[in-house]
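Student: Can you walk me through this one? Keep it quick.

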Amino acid sequence: MPIKSSFWNALGCAALSWMSCTAASSSVAQTPEPTAAPLTAASATSATSATSAAAAPPAAPLTVLPYTPALDPSAMKRDVDPCVDFYTYSCGSWPTNNPIPPDRPSWEVYSKLATQNLQYLWGLLQTAAQDRADRDPAQRLSGDLFAACMDEPQIEARGLTPLEDSLGLIAALDAKRRLPVVLARLHAAAGDDGLLFAFSSQQDPSDSNSEIATLYSGGLGLPDRDYYFKPDAKSLEIRARYRAHVAKMLELADAAHSSSPAEAGSRAGADSPAGAANPAVTKEAAREADVIMRFETALARATLTQVDKRDPKKVNHRVSARELQKLSPHFAWGLYFKTRATADARVAPAYAVLNATEPKFFRAAGTLLESTPLEDLKIYLRWHVLHERATLLPHRIADEEFDFYQHYLRGIEQPPPRWKTCVRSVDGNVGEALGQLFVERTFSAGTKQQAEDMLKGIQATMKQRIAALDWMTPATKAKALEKLAGMRAKIGYPEHWRDYGGLVIARDDYFGDVVRADQFENNRELAKIGKPVDRDEWYLTPPTVDAYYYPQMNDINFPAGVLQPPLFDTRIDSAPSWGNTGATMGHELTHGFDDEGRQFDAKGNLHDWWAPADAKEFTRRAQCVVDQYSGYTAIDDIKVNGQLTLGENLADLGGTILAYVSWQAATSQMTLESADGLTPDQRFFVGMAQWACGSARPEIMRLRAATDPHAPLPDRINGVVVNMPEFARAFSCKAGQPMVKKPEAICKVW
Ligand SMILES: [Zn+2]
């Protein structure tokens, strides 16, 4: 959920988690993609569909999922020397066979699988959307939401009327002392952290058994704080385009407003009778965009960098209610909390302690609210309400939003077809209802068992490797082993499905449905405060093609969606699946011991269990990885941020080694066969590389370089194998070749 953007940064995700695990965005294209195909429903006919689906996006729901093997020879480029560029050798033909669809910023094995799962879910939702009496609660909830979303004429007919409640609240704001009330009301039904800041719950970093009230920084319209300051030409252009987009949106909203008599009076101050073509409005909108830009730039200045947000200590600041009040003396926090409590009936109004994740931000925001004229604050709030809900509004608004955020910033050529938007919306809003329908039909007990067996092998290997580490003292090793033993694995889907009781979904009110779903989710989160933690909770929905480690739960999570071909393939020899899913499992496990995860103990508390000398040695070894990846180029003249991507790179390296050793142990009594012209060891490594086959548009590569804790895909593969002598042996690489580091230069942590 976007509201927890800071929280999500604490997750260690497997692959394309920029979609599901990084910072907030209200854009549809960034919502997590559902997925997962039924092994039981998979068809055996599919070498061809693997290459044809992308070029011509299918227009019909799938009832059977195409099968692609975990090692796909057609994706390889065998005229490339694997010892020179292993990624291109393994994946070089994949982008040619799988061009980026026009509604995607990039296209990879993961996103292709996710899209196939979307198509499968589409079929389930078409059935569930039929207004029949025999639907079960999960079908009714997800089906009615889908039906409402698909009803575009209804959305067009309502125009901007659904925004009236929020815009009316802002318009009626006549004194700054009322701001906490207005913000609380807007936040209660908000879907992201765009309105200045966000308030939610969080597992207490200092006491992982309880939930603590938490305030997050927010309020920016550009993807990251650095976008507001970077002096290069491209950044200047982005800011100019952003300003123009904001002005255009305000203008469109005004035009809609002035054309609808029912909405008169909703906007305070400079009301103009004119429509979009009126130059006065254009000038006014431009002035308002400048106001917004200035305000957001001041917020951005006080916001932590992406690198800092990855440091759990830098976002753990327990304060009392009084201390919070001191941070921003002119903002009546008590009034804010009290109003949230009224809106969320189940919530206690007083918080003795809170985590004000970024005190500097809350101090600066307080000062900024004090120094900014009320009318300017209202302009800022209007913009964010509009921006947050733009994708739920008529085309003229939704399209302008798409133009800037998806087309310009991410390079996407055209909006996704409506069905795709709506399947994603159901997954994002009532994902555990949709997930039930999915898991029932697709995830077999046999698959679950095989995944659990693989994971057990990897856990056993990690245990042996920690015990055998030559750089760690016995005391720290004992703690590391304790942490490993305490790490819980969740496979497939939650043990208890979420209860959506009380959530009203109406077939003829899509906007209202999404607002109520956000409200329901916000209530659910706030109701946790002060209560014991539900350790059975999942943060990804079952059909999602991704996985994560969560340090405060100390658990690793593999949804059903990520445990299917071509990632996890039980039909062919096991080497490619060990390289692929095995390395993903090892990746998540290693997150518990990366630069971020290692700061949490076995119980999930932010507690230092490292002997100082061991911590120093870890940092020294991790620096080798920072330096290696900092040398890679992300795009144009932008280098990979070795510090931002450190956790993921450590997880990739550690995870692949764990998978390799575990695979060898699991097959030590077997005679393994070569296939497709590849030895068993080569099949392990090509299988490993092929999870990452794909390509991306330059716009999204630029955005990811600034915000994504994962390195670009080719570096995630080549950056690992250069540190593995096992790889060099498998392909008979020679010293001095690009994929072979000098022994003394090899990075080795876990
Ligand atoms: Zn990860």
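Tutor: Start with a term: a contact means heavy atoms within 4.5 Å. Of the contacts in the chain with a separation of 6 or more, 77% are between residues 24 or more positions apart. This is a predicted model, where local features need pLDDT of at least 70 and side-chain atom pairs count only at pLDDT 80 or more, while totals for chains, interfaces and linings use all residues. Residues are numbered from 1 along each chain as its sequence is written, and side-chain values use heavy atoms, with hydrogens and water left out.

Student: How many helices and strands does the chain have?

Tutor: The chain has 28 helices and 12 strands. Both are DSSP runs numbered from the N terminus: helices are H or I with at least four residues, strands are E with at least two.

Student: And what share of the residues is buried?

Tutor: 63% of the 750 residues. Buried means under 20% relative accessible area, with a 1.4 Å probe and protein chains only.

Student: How do α5 and α6 pack?

Tutor: Helix α5 (residues 109-128) and helix α6 (residues 137-150) pack at about 100°, axes 8 Å apart. Axes are lines fitted to C-alpha atoms, for helices over the stretch in contact, and angles run from 0 to 180 degrees between N-to-C directions. The pair is therefore roughly perpendicular, a label for angles of 65 to 115 degrees.

Student: Which residues meet there?

Tutor: From α5, W122, L125, Q126 and A128; from α6, Q139, S142, G143 and F146. Four residues of that contact are nonpolar, four polar and none charged. Here Ala, Val, Leu, Ile, Met, Phe, Trp, Tyr, Cys and Pro are nonpolar, Asp, Glu, Lys and Arg charged, and the others, Gly among them, polar.

Student: Is α5 mostly covered or open?

Tutor: Mostly covered: 18 of its 20 residues are buried.

Student: What sits in the loop between α5 and α6?

Tutor: R135 is in that loop. R135 is buried, at 8% relative accessible area. A polar atom of the R135 side chain lies 3.4 Å from the backbone oxygen of Q130. Beyond its neighbours within four places in sequence, R135 contacts residues including R140, D144 and R507.

Student: New topic. Where is N554?

Tutor: N554 is in the loop between β8 (548-550) and β9 (555-559).

Student: Buried or exposed?

Tutor: N554 is buried, at 0% relative accessibility.

Student: What does the N554 side chain reach?

Tutor: The backbone oxygen of K483, at 3.1 Å. Not counting residues up to four places away in sequence, N554 also touches others, among them Y549, D601 and A602.

Key: Angles under 35 degrees count as roughly parallel, over 145 as roughly antiparallel, 65 to 115 as roughly perpendicular and the rest as oblique. Buried means under 20% relative accessible area, exposed over 50%, partly exposed in between (1.4 Å probe, protein chains only). A polar contact is a pair of N or O atoms within 3.5 Å; within protein, one must be able to donate a hydrogen and the other to accept it, and residues adjacent in sequence count only if both atoms are side-chain atoms.
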